[in-house]
Amino acid sequence: MAEFDKSKGEQDLFMSPETRRLLIAERNDDLEYRDNLIPLGRGIQRELNDGSKLTLLPSGHMLGSCQVALELSSGIRCGYSGDFAWPLDDVMQVDELVVDSTYGSPASVRRYTQDEAESCLLEVVCQALRRGSVHVKAHRGTIERVLQVVAGNVGVPVLASARLIAEVEVYRDHGFGAEELVALDSDIGRAVLEERSYVRLYSKGDSFGNELIEGTSITCSAYMVNTDHPLLQFSERAYRVALSNHADFEGTLAYVEATGAQRVVTDNTRSHGVDLAIAINNRFPDIRAEPSTNGPVPS
């Protein structure tokens with residue numbers, strides 16, 4: 001989303017219909033009326049003005065997320081993984097791949113399933129509710145999974161910001177099932193806050209800050225969590241649960257192999273791009289991998 005406001009004024013932007021809906025819900029500006037925000041259904045090939053062909057395929061990371069495949073006019077097929085889950089039903093087939101490296105470290109192996117992580121989250125939430133409110137923070141996509149885990153299973157109201165509620169409504173329109181959230185700034189929400197028996201959800205744009213003075217905080221992320229168990233306990237009132245919509249290290253390597261790419265650039269903008277490139281070269285002798293340099297684009 002860096003420089004998005006500039007891009008929307010100068011470029012055609014292709015995205016899944018779900019992503020377009022989420023952008024409109026989040027930004028509430030002129031996006032709904034722009035004809036250069038072009039929805040492209042997954043698996044539908046779109047020929048562009050330069051003769052290249054664009055295809056979006058589901059990446060399993062969150063509603064609307066996509067693998068991006070671009071077949072150049074020369075016939076070379078290039079792809080960008082974006083954030084992705086593993087396993088995937090439909091993996092793009094490319095010659096050259098830029099792959100996300102968030103969990104590209106050999107230390108980022110999970111020896112537990114996401115079903116086990118969800119069960120762990122629900123258990124921690126239920127136990128913590130005996131001591132007061134529970135505050136759960138997660139990235140987009142993951143926070144909707146949190147809602148599916150807790151809603152209807154905890155016996156207390158689930159609070160969220162108006163921004164997050166609008167996002168969840170888009171999920172509902174695309175088949176996501178969950179009970180209604182209570183808006184923080186509503187009369188009911190303010191009354192619930194006084195009683196301190198609730199679950200509050202935080203995601204992008206919601207300030208977690210330092211205001212929490214009672215209750216329990218839970219961060220849902222696989223970052224820096226044990227490889228053998230999905231729960232990391234900091235104290236009696238602070239936890240991290242490895243609920244993640246992203247492939248781990250082994251899943252990332254399996255994805256790279258499944259694309260058929262012969263050349264791979266590991267996205268080094270966040271972390272572990274060097275580690276992942278080394279691992280790909282060691283595991284797959286027929287693939288040439290290197291980390292991105294992240295330098296400025298030549299003019």
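**Close-up views of a predicted model**

**View 1. Surroundings of Lys-8.** Lys-8 touches Leu-13, Asp-29, Asp-30, Leu-31, Arg-34 and Asn-36, leaving aside residues up to four places away in sequence (contact means heavy atoms within 4.5 Å). The model is predicted: local features need pLDDT of at least 70, side-chain atom pairs count only at pLDDT 80 or more, and totals for chains, interfaces and linings use all residues. Residues are numbered from 1 along each chain as its sequence is written, and side-chain values use heavy atoms, with hydrogens and water left out. Lys-8 lies in helix H1 (residues 4-10); helices (H or I, at least four residues) and strands (E, at least two) are DSSP runs, numbered from the N terminus. Lys-8 counts as buried because its relative accessible area is 9% (buried means under 20%, exposed over 50%, partly exposed in between, with a 1.4 Å probe and protein chains only).

View 2. Seven strands form an open sheet of mixed pairing, in the order S10-S9-S11-S8-S12-S14-S13; two strands pair if DSSP finds at least two bridges between them. Strand S10 (182-183) and strand S13 (231-235) are the edge strands, each pairing on one side only. Strand S9 (residues 158-160) pairs with strand S11 (residues 199-202) in the parallel sense over two bridges, and Val-158 has Val-199 in S11 as its bridge partner. Helix H4 (residues 142-150) packs on the sheet, where H4 touches strand S8 (134-138), S9, S11 and strand S12 (216-220). The direction of H4 makes about 145° with that of S8; axes are lines fitted to C-alpha atoms, for helices over the stretch in contact, and angles run from 0 to 180 degrees between N-to-C directions. Helix H5 (residues 162-173) also packs on the sheet, touching S9, S10 and S11, and its direction makes about 105° with that of S9.

**View 3. Antiparallel pairing of S4, S5 and S6.** Strand S4 (residues 53-58) and strand S5 (residues 66-71) pair in the antiparallel sense over six bridges, with Val-68 in S5 as the bridge partner of Leu-56. S5 pairs with S6 in the antiparallel sense over four bridges, and Glu-71 stands opposite Arg-77 in S6. S5 and S6 form a hairpin with five residues between them, and Gly-75 in the turn has a positive phi of about 100°.

**View 4. Contact of H7 with H8.** The axes of helix H7 (residues 249-259) and helix H8 (residues 273-283) come within 11 Å and cross at roughly 60°. H7 is therefore oblique to H8 (angles under 35 degrees count as roughly parallel, over 145 as roughly antiparallel, 65 to 115 as roughly perpendicular and the rest as oblique). Phe-249, Glu-250, Thr-252, Leu-253 and Val-256 in H7 meet Leu-276, Ala-279, Ile-280 and Arg-283 in H8. The residues of this contact of H7 with H8 comprise six nonpolar, one polar and two charged; Ala, Val, Leu, Ile, Met, Phe, Trp, Tyr, Cys and Pro count as nonpolar, Asp, Glu, Lys and Arg as charged, and the others, Gly among them, as polar.

View 5. Most residues other than glycine have a negative phi, and most peptide bonds are trans. Trp-86 and Pro-87 are joined by a cis peptide bond with omega of about 5°; Pro-87 is in the loop between strand S6 (77-80) and strand S7 (96-100). Glu-3, in the segment before H1, has a positive phi near 60° and is exposed at 57% relative accessibility. Arg-196, in the loop between helix H6 (187-195) and S11, has a positive phi of about 60° and is partly exposed at 44% relative accessibility.
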